[in-house]
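Please open the structure in your viewer and keep the selection tool at hand. The tour below moves from one selection to the next and says what is found at each stop.

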Amino acid sequence: MSLKYHIVRKKDMRKGAPDDAMLYYGQVRVNERIGYEELCQQVSEHTLCTDADVTCILDGLLILLRQYLVKGNIVQLDVFGNFRMSTGGPGVENEEDFHPGHIRTPRVIFTAGSMMKDITNRVGFEKYRFIEVEKECTLPHTV
């Protein structure tokens, strides 16, 4: 299976690059967003659980993830991967000068497990082809 990509022009973030320098980068095209309810319904089609069962299980998982992460735990989901909290911030020269305001807002980090890493090793890339349509719109517009 191949991920579709398109080429975008963005600022050159390399060290020492001029402020106005630009580079071209490949960026993956998103096909669609799969919603929570649709995901639960599709999981139920591949298991013996109803979509209500799947929703209940995932809701419980999310509640527990929150509880464990705010305590500073790593939540390991076997081959799927693990979740942990991380933060950063500026350093200070003297320990006495440090205060909690130096700590940035934490973020949740997901680290892929063996199953997810296997997916990334198998994916290929295919350039997205834009299709130009030369058709005049006949629908009413407001300006």
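Begin by selecting Glu126, which counts as partly exposed at 37% relative accessibility, where buried means under 20% relative accessible area, exposed means over 50%, and partly exposed lies in between (1.4 Å probe, protein chains only). Before going on, note that this is a predicted model, in which local features need pLDDT of at least 70 and side-chain atom pairs count only at pLDDT 80 or more, while totals for chains, interfaces and linings use all residues. Residues are numbered from 1 along each chain as its sequence is written, and side-chain values use heavy atoms, with hydrogens and water left out.

**Salt bridges**

Lys4 lies in strand β1 and Glu126 in strand β6, so the pair ties together parts that are 122 residues apart in sequence; helices (H or I, at least four residues) and strands (E, at least two) are DSSP runs, numbered from the N terminus. Lys4 is partly exposed, at 31% relative accessibility.

How many salt bridges does a search of the whole structure find? The search finds three, and another of them joins Arg14 to Asp12, with the closest N and O atoms 2.9 Å apart. Here Arg14 is exposed at 56% relative accessibility, whereas Asp12 is buried at 7%.

Next select Arg122 and Asp118, whose salt bridge has its closest N and O atoms 2.9 Å apart. Both residues belong to helix α3 (residues 114-122), and being four residues apart there, they are separated by about one helical turn. Arg122 is exposed, with a relative accessible area of 63%, while Asp118 is partly exposed at 33%.

**The sheet with β1**

Now colour the strands of the open sheet ordered β2-β1-β6, in which the pairing is mixed; two strands pair if DSSP finds at least two bridges between them. At the edges stand β2 (22-28) and β6 (124-127), each with a single partner strand, so one side of each is left without a neighbour in the sheet. Strand β1 (residues 2-11) pairs with β2 in the antiparallel sense over seven bridges, and if you select Val8, you can look for its bridge partner Tyr25 in β2.

**The sheet with β4**

Two bridges join β3 to the antiparallel strand β4 (residues 81-86), and Val75 has Phe83 of β4 as its bridge partner.

Between β3 and β4, select the loop residue Asp78, which is exposed, with a relative accessible area of 60%. Its phi is near 50°, a positive value in a residue other than glycine.

**Last stops**

Select Phe110 in strand β5, which is partly exposed, with a relative accessible area of 35%. Finally, select Ile103 in the loop between β4 and β5, a residue that counts as partly exposed at 44% relative accessibility. The C-alpha atoms of Ile103 and Glu134, which are 31 residues apart along the chain, are separated by 53 Å.

Terms used:
A salt bridge is a side-chain nitrogen of Lys or Arg within 4 Å of a carboxyl oxygen of Asp or Glu.
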